[in-house]
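Here are a few exercises to work through with the model open beside you. Try each task before you read its solution.

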Amino acid sequence: MIQEIATLRKLPPLHGLRAFEAAARHLHFTRAAEELHLTPTAISHQVRQLEEILGVELFRRYPRPVKLSPAGEKLFPVLRDSLDRIAAALGQLSDDEDGPLRLSVTMAFASRWLMPRLPHLRDETGLMIEIEADDLVADLHASGIDMAIRYAERSGADAEWHRLFPDRILPVCAPGLLSGQDKLSPDEILALPLLHYRWRSGAANAPSWERWQAHAGADRGRPHITQTFSEEVHALDAAVAGQGAVLASELLVSDQLNAGTLVPLSDIALPGPTYWAVFLASHPAKERLQILLEWFRKQALPLQATDQSAT
């Protein structure tokens, strides 16, 4: 009987399984190596060794980028979920109920929306929160992040995704640029100094003045950008300082709109992506994450009626 159990539980080396899982999750051997503190050559060697043991190819390596083979697609979700359950079980052995939750948010969300509300979050939930502000994709499987707030067109399948806030993209500026006017026509808006920032690089539906111009039906030539910023929050700061108009997330500038330091230039808006709360279903602190999730849901900003036909 002991021999039968040992035979049934015979597994490939754990280091090979971990190397494959990380490489499959990132679809990138170098990023997997960085996560596991190894070299890309070591990751490649361990994956090759695992393939030899299993007698199957787990990746299609050429042409690049690497992709999972049919066998790799079958193994990856099982292995990923198993490692998550092991991590959750280990976490339950030493989970500190009073320890802080690590919340990953974008830099603009942290600066413009979360920071003013952070004292209320602590007072109303009793939770201690560590803020990790980063515009990169949050890896919940390897980074130690407990929950991430990100925007996306639709939910993903690699964790629990909970819808938080819808959004829209408005043209806004400091009130001084309006010269006493209430709202401007699309052509008048496009004649202002225009601020731009790199948003979701490579996305076909990223908000831009060209997209807004087409949606508004403006007749002017191609919009002239006065200043470009790498970070969204810097473009918003420049707009508050009166340096020009910017296409801004209504959620992120809601406090400035309420305070009057920014004003909407038009009711014509581009539909924005949805903000989601994301965490692992197997997380050992699930009860505290649910408290945090419910607090965020109560903060939802109701959108004003607008033309949402743009895609």
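**Exercise 1. The largest core**

Which of the 28 residues in the largest nonpolar core touch the most other members? Bear in mind that you are looking at a predicted model.

Solution. Start with the residues themselves: Leu103, Phe109, Trp113, Met147, Ile149, Leu292 and Phe296 touch the most other members of the core. Next, see where the core comes from. At least two residues each are supplied by strand 3 (101–105), helix 6, strand 5, strand 6 (160–165), strand 13 (274–279) and helix 11 (286–298). Helix 6 is the top contributor, giving seven residues. Now pick out Phe296 and skip its neighbours within four places in sequence: its contacts are then Leu103, Phe109, Trp113, Leu114, Leu121, Ile149, Leu164 and Phe165.

**Exercise 2. Helix 3 against helix 4**

Work out how helix 3 and helix 4 are oriented to each other, and what their contact is made of.

Solution. First, get the geometry: helix 3 (residues 29–36) and helix 4 (residues 40–54) have axes 8 Å apart and pack at an angle of about 105°. Angles of 65 to 115 degrees count as roughly perpendicular, so helix 3 and helix 4 are roughly perpendicular to each other. Second, list who takes part. Helix 3 brings Phe29, Thr30, Ala32, Ala33 and Leu36, while helix 4 brings Pro40, Ile43, Ser44 and Val47. Third, sort them by type: seven are nonpolar, two are polar and none is charged.

**Exercise 3. The buried side of helix 3**

Find out which residues of helix 3 are buried and how they are arranged around its axis.

Solution. Begin with the list, which is Phe29, Ala32, Ala33 and Leu36. Last, step just past the end of helix 3, where His37 has a positive phi of about 60°.

**Exercise 4. Gln46**

Is Gln46 buried or exposed?

Solution. Locate Gln46 in helix 4. Its relative accessibility is 13%, and since buried means under 20%, Gln46 counts as buried. To see its surroundings, leave out neighbours within four places in sequence; Gln46 is then in contact with His15, Gly16, Ala19 and Leu38.

**Exercise 5. Helix 9 and its surroundings**

Describe how helix 9 meets helix 6, and what covers the buried residues of helix 9.

Solution. Take the axes of helix 6 and helix 9: they come within 8 Å and cross at roughly 40°, and the two helices are therefore oblique to each other. The contact uses Ala108, Ser111 and Arg112 from helix 6, together with Glu232, Val233, Leu236, Asp237 and Val240 from helix 9. By type, that gives four nonpolar residues, one polar and three charged. Now turn to burial: in helix 9 (residues 232–240), Glu232, Val233, Ala235, Leu236, Ala238 and Ala239 are buried. Their cover includes helix 6 (107–125) along with strand 5 (147–152), strand 7 (168–173), strand 8 (194–197), strand 9 (225–229) and strand 10 (245–249). After helix 9 comes Gly242, with a positive phi near 85°.

Note on methods
Residues numbered from 1 in each chain as written. Predicted model: local features only at pLDDT ≥ 70, side-chain atom pairs only at ≥ 80, totals over all residues. Heavy atoms only, no water. Buried < 20%, exposed > 50% of the residue type's maximum accessible area, 1.4 Å probe, protein only. Helix = DSSP H or I, 4+ residues; strand = E, 2+ residues; numbered from the N terminus. Contact = heavy atoms within 4.5 Å. Core = buried A, V, L, I, M, F, W, Y, C linked by side-chain atoms within 4.5 Å. Axes fitted to C-alpha atoms, helices over the stretch in contact; angles between N-to-C directions. Parallel < 35°, antiparallel > 145°, perpendicular 65-115°, else oblique. Nonpolar A, V, L, I, M, F, W, Y, C, P; charged D, E, K, R; others polar. Arc of directions from axis to C-beta.
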